[in-house]
Amino acid sequence: MNEFDILKSIGSNLTDRKSVAALSNFAVLCNNIAFLNLAFLKALESLRKCRTDLQAVLSDDSNLHAKYQSGTDLHAFIPIVDCLQRNGHSVFQKLVDLSSPVDREGVTVANVSVLARGFDDYNTLVTATRQYVDSIVSDSYQLVLLNPKALNYHVLVSLNSFSKFATKSLAHALFNADVQAALTEFENLKFKDWAKSSITECKHNTFANKVDFLMSELGTPPDPTLPDALKNLFKFSSEFTHIGYVSTFFTATAEKEVVFVDDTGPYLPSTENHCELQYEILVTACKVLAAVYIPSLIRCIDTLTANASGDVISATLRHCAHSLQNDIASRNAEYYFFVKSGSIGTPFVFPLTCMCGSTRHWGRPHDSAELFCESCGSSFKLMQVEGDGGYVITSNGPARIIGSDAPEFQDLPASEQEKILKQCEAASNNASK
Ligand SMILES: [Zn+2]
């Protein structure tokens with residue numbers, strides 16, 4: 001290919017973008033977005049409450065390690081830690097707002113264009129995502145380190161940029177004489193000394209370095225692919241934030257869209273594409289909150305407090321991270337059901353109750369394409385069991401064979417229940433041997 005072939009391929013591929021077919025189930029995608037968005041919001045509410053409680057604990061010197069008490073050099077970290085949290089919450093709230101589920105109420109084929117998603121929508125969502133990952137990683141980094149020089153570097157670099165264009169009144173409102181003096185001292189440093197001077201230090205200057213450092217401090221997250229997902233999301237969002245060519249071409253194309261219709265009503269391919277991205281962002285946002293930010297805050301509480309005054313807050317935070325992890329894991333999971341062999345194809349309707357609580361009534365023609373949860377997108381796998389048994393003994397407890405004549409486990413006489421539970425216990429002991 002010569003330079004014109006390349007240019008032509010770019011011209012045709014990026015501007016005449018073909019419609020992406022709706023591959024996954026849109027209703028499930030919308031349910032999952034609504035579910036995780038709510039989980040994200042609840043976690044944020046819990047963080048806000050913990051911040052207030054923490055402020056009360058840290059305002060009492062008797063709770064602090066001697067080196068952080070009033071009058072010490074390091075006491076400055078007490079208001080800084082509070083401010084980091086407050087600023088973080090604003091950034092988190094913005095992503096919560098922008099990752100809310102699409103409202104399809106009152107949308108008809110005539111006005112379905114209100115659901116079209118274009119450059120503005122992508123730009124707003126991805127810019128907020130960029131702020132989120134940037135802010136959550138650098139705040140976690142500072143909370144874990146609590147190092148004066150590292151914090152100075154971070155703040156002075158941004159103050160320095162800010163002051164370049166800030167109007168006089170804005171600078172006057174924000175910079176007191178002390179900050180101005182600190183900034184002047186920083187400006188007198190040579191650029192090459194910014195990351196290592198008598199007042200500043202930065203050992204991990206890139207986003208990826210900070211992520212790796214946090215992983216080494218906090219341990220491998222429940223999802224070991226999270227560090228790479230974060231770095232990829234950072235690069236992806238840079239492309240949008242800096243108005244890269246691909247993102248502009250990709251999302252700015254004004255094309256006539258085909259209209260899809262499901263049980264809720266009509267929607268557009270661009271709605272679905274935007275929702276898919278929104279969901280992937282939500283998953284990563286919740287994972288980093290649970291596996292990086294919250295553990296960093298707990299680490300910070302441990303560093304600052306000398307007694308058990310922060311224990312209740314740390315326990316609340318741990319609980320918050322745990323429920324967020326569970327909520328993430330409950331979406332698009334895979335569940336197994338035991339069914340009586342030979343009952344598939346008969347008029348029997350299988351009640352398949354998902355872990356999320358929703359039941360699919362799977363009847364003839366017993367189409368395997370329907371073996372998924374319409375609420376959370378989890379897929380169902382069926383294991384056919386031969387014979388007349390009523391339950392399968394597993395190390396997690398008894399599983400009733402669907403389609404068998406056996407009653408529900410809880411409807412069995414107590415003695416029968418006990419007998420089966422003993423067998424399960426034995427299976428569990430065997431499994432752990
Ligand atoms: Zn489900």
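This is a predicted model: local features need pLDDT of at least 70, side-chain atom pairs count only at pLDDT 80 or more; totals for chains, interfaces and linings use all residues.
Colleague: How many helices and strands does the chain have?
Modeller: The chain has 433 residues. Its C-alpha trace spans about 85 × 65 × 45 Å along the principal axes. The secondary structure comes to 13 helices and 8 strands.

Colleague: What share of the residues in the chain is buried?
Modeller: A residue is buried if 20 or more other C-beta atoms lie within 10 Å of its own. In this chain of 433 residues, the buried share is 27%.

Colleague: Which domains does the assignment give, and how far apart do their C-alpha centres lie?
Modeller: Domain 1 is written in two pieces, 15–147 + 201–330. Domain 2 covers 334–432. Between the C-alpha centres of the two domains, the distance is 37 Å.

Colleague: Which helix gives the most to the side of domain 1 that touches domain 2?
Modeller: The contact takes 6 residues from domain 1 and 6 residues from domain 2. On the domain 1 side, 2 residues are nonpolar, 4 are polar and none is charged. With 4 residues, the helix that gives the most to this side is H2, residues 26–58.

Colleague: Which residues does Ala285 contact, leaving aside its neighbours within four places in sequence?
Modeller: Sequence neighbours within four places are set aside here. That leaves Phe40, Leu95 and Tyr132.

Colleague: Are H2 and H12 roughly parallel or roughly antiparallel?
Modeller: The axes of H2 and H12 come within 10 Å. They cross at roughly 170°. Angles over 145 degrees count as roughly antiparallel. H2 and H12 are therefore roughly antiparallel.

Colleague: How many residues of the contact of H2 with H12 are nonpolar?
Modeller: From H2, the contact includes Leu36, Ala39, Ala43 and Leu54. From H12, it includes Ile313, Leu317, Cys320 and Leu324. The contact also holds 2 polar and 2 charged residues. The nonpolar count is 10.

Colleague: Where is Arg130, and which residue lies 111 places from it in sequence but 7.6 Å away in space, C-alpha to C-alpha?
Modeller: Arg130 lies in helix H4. It is partly exposed, because 19 other C-beta atoms lie within 10 Å. Leaving aside neighbours within four places in sequence, Arg130 contacts Ser237, Ser238 and Thr241. The residue 111 places away in sequence is Thr241.

Colleague: Is Met383 buried or exposed?
Modeller: Met383 is found in strand E6, residues 379–385. Leaving aside neighbours within four places in sequence, it contacts Tyr336 and Phe338. A residue with 12 or fewer C-beta neighbours counts as exposed. Met383 has 12 inside 10 Å, so it is exposed.

Colleague: Which peptide bond is cis, with omega near 10°?
Modeller: Most residues other than glycine have a negative phi, and most peptide bonds are trans. Pro365 sits in the loop between strand E5 (359–362) and E6. The cis bond runs from Arg364 to Pro365.

Colleague: What is the phi of His366?
Modeller: His366 is in the loop between E5 and E6. It counts as partly exposed because it has 16 C-beta neighbours inside 10 Å. His366 is not a glycine, yet its phi is positive, at about 50°.

Colleague: And what is the phi of Leu146?
Modeller: Leu146 is in the loop between H4 and helix H5 (148–165). With 17 C-beta neighbours inside 10 Å, Leu146 counts as partly exposed. Its phi is positive although it is not a glycine, at about 45°.

Technical notes
Residues are numbered from 1 along each chain as its sequence is written. Domain bounds come from an automatic or database domain assignment. Two residues are in contact if their C-beta atoms, placed from the backbone, lie within 7 Å. Helices (H or I, at least four residues) and strands (E, at least two) are DSSP runs, numbered from the N terminus. Ala, Val, Leu, Ile, Met, Phe, Trp, Tyr, Cys and Pro count as nonpolar, Asp, Glu, Lys and Arg as charged, and the others, Gly among them, as polar. Axes are lines fitted to C-alpha atoms, for helices over the stretch in contact, and angles run from 0 to 180 degrees between N-to-C directions. Angles under 35 degrees count as roughly parallel, over 145 as roughly antiparallel, 65 to 115 as roughly perpendicular and the rest as oblique.
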